[in-house]
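This briefing goes through selected features of one protein model.

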Amino acid sequence: MRVRDRLRRDLLAAVELGVAADELSEVISRVVASVVPHDAAALIATSPTAGLGIPSFTFLHGVEPDIGRAMVHRFYAGNDPFPPQVLARRAVPAGVVGAAHDGTPEPDGACKPDEAPQRPPLTALGVGSELQLLIRDARGVWGMLGLLRSQGAAPFSEADRRRTAELAPLLVDFLRGYVTRAPLVPALPTLPPGVTIIGPDGTVRAATPQGRAWSDQLRGSVRDPAWVGESFLAGLATYVRRHARDPRTGPATLIGPAAAYGRWIICQAQPLDGEAAGDLAVVVHAATGEHVLPSFCDWYGITAREREVVGHLSQGTAPQRIARYLDVSRNTVNDHIRAVFRKTGAGGRAELLAAIT
């Protein structure tokens, strides 16, 4: 317990200090490596409402570009040897599970023939084994952690899996701390929606002026290596085609918090043809109101009733009328509002609404 408490302090201290994302990636890898040694680590984050179709943001450390591109393609194509739905079937209620992998997919995680990977398997790129964990608690799924070891190193074991799983509550605290310690109201200007046209191979074919402005703003906020953004677009194209074949995969929508992108954003991709075989239109815009509220409430721990109150406030409804709508007293409504102020750090109603509208 003392070791986990120290590791939690290390992670949260880095967040409190406002360490840049690339340095945070190194901190995450170092903390995990103190429990389970590895050569590279990837932590993808989401919120229980958003789900893991298109992750909200990612931390990468030690991941070589070719390996990273293969991992991104595999994830969005649904070819991951341990996709979230497989890991979830193994989970105990409110638990965290994982699996070690030596390069041979398990039967229940195998891809269909028409979804065969177009990139080389990780073993062909020098990866000897990997370990994946679905990170979740009683509220839902918050992300996945992937660890890699090079060929020649000892493969991940069941003991490694158990030790890594014990870190999951720390990682949940870290992710929530990272999002909620960002300024509630972003300093970046609100841009009009921007459109970028992506070809079938994930390359940019054209963009509106607003689309280029969004690209410049996001590059300045995220500061990932160029291959990360390129791989995301290619993965997005792959995911859209997959969604066209099977709508159960969920829409190609990214809901990103201000901590990662400078302000809350929505990134949505749609095919320009019915078969999703050609170009895609990717629309990026500031996330407001109904788009941002579900994930915003997840990250800040806002209850369902508090969310109802905030939703009414965002529509300009007075507390007295909210009380009538919800069939509660005005004092109860005010108690909910104060609780939301406390959880978000908002100095008042104006600041809270500026964050979500």
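A residue is called buried here when its relative accessible area is under 20%. By that cut-off, four of the five residues of strand β6 (residues 194–198) are buried, so the strand is largely enclosed by the rest of the structure. The model is predicted. A search of the whole structure finds 17 salt bridges, and some of them are described below.

**Strand β6 and its partners**

- Strand β6 runs antiparallel to strand β10 (residues 280–286), and five bridges join the two.
- Within this pairing, Thr196 of the β6 stretch stands opposite Val282 in β10.
- Strand β6 also pairs with strand β7 (residues 204–207), in the antiparallel sense, over three bridges.
- Here Ile197 stands opposite Ala206 in β7.
- In a regular strand, side chains alternate between the two faces of the sheet.
- The hairpin of β6 and β7 has five residues between the strands, and Gly202 there takes a positive phi near 90°.

- Ala276 is placed in the loop between β9 (265–271) and β10.
- Ala276 counts as buried because its relative accessibility is 0%.
- The C-alpha atoms of Ala276 and Pro200 are 8.5 Å apart in space, while the two residues are 76 apart in sequence.

**Salt bridges within a helix**

- Side chains of opposite charge can pair when their charged atoms come close.
- Asp66 and Arg69 form a salt bridge, with 3.0 Å between the closest N and O atoms.
- Asp66 and Arg69 are about one helical turn apart, because three residues separate them along helix α3 (residues 65–77).
- Both partners are partly exposed: Asp66 has a relative accessible area of 48%, and Arg69 has one of 24%.
- Asp160 and Arg163 form another salt bridge, and their closest N and O atoms are 2.6 Å apart.
- This pair lies in helix α5 (residues 158–165), where Asp160 and Arg163 are three residues apart, about one turn of the helix.
- Asp160 counts as buried at 5% relative accessibility, whereas Arg163 is partly exposed with a relative accessible area of 33%.

- Glu130 and Arg74 meet through their side chains in a salt bridge, at 2.8 Å from N to O.
- The pair links distant parts of the chain, as Glu130 is in strand β4 (residues 127–137) and Arg74 is in helix α3, 56 residues apart.
- Glu130 counts as buried, because its relative accessibility of 3% is under the 20% cut-off.
- Arg74 counts as buried as well, at 10% relative accessibility.

**A salt-bridge network and a charged patch**

- Asp5, Arg8 and Asp173 are linked in a network of salt bridges.
- A patch of negative charge on the surface gathers Asp22, Glu23, Glu26 and Asp224.
- Residues in such a patch have over 30% relative accessible area and no salt bridge.
- Glu26, one of the patch residues, is placed in helix α2 (residues 21–33).
- Glu26 is partly exposed, with a relative accessible area of 41%.

- Asp327 has a positive phi of about 60°, although it is not a glycine.
- Asp327 is found in the loop between α12 (319–326) and α13 (330–344).
- Asp327 is exposed, because its relative accessible area of 70% is over the 50% cut-off.

Note on methods: Residues numbered from 1 in each chain as written. Predicted model: local features only at pLDDT ≥ 70, side-chain atom pairs only at ≥ 80, totals over all residues. Heavy atoms only, no water. Salt bridge = Lys/Arg side-chain N within 4 Å of Asp/Glu carboxyl O. Buried < 20%, exposed > 50% of the residue type's maximum accessible area, 1.4 Å probe, protein only. Patch = residues over 30% accessible without salt bridge, like charges linked within 9 Å, V, L, I, M, F, W, Y side chains within 5 Å. Areas by Shrake-Rupley, 256 points an atom, 1.4 Å probe, with all protein chains shown as cover. Lys, Arg positive; Asp, Glu negative; His and termini not counted. Charge placed at Lys NZ, Arg CZ, Asp CG, Glu CD. Pairing = 2+ DSSP bridges.
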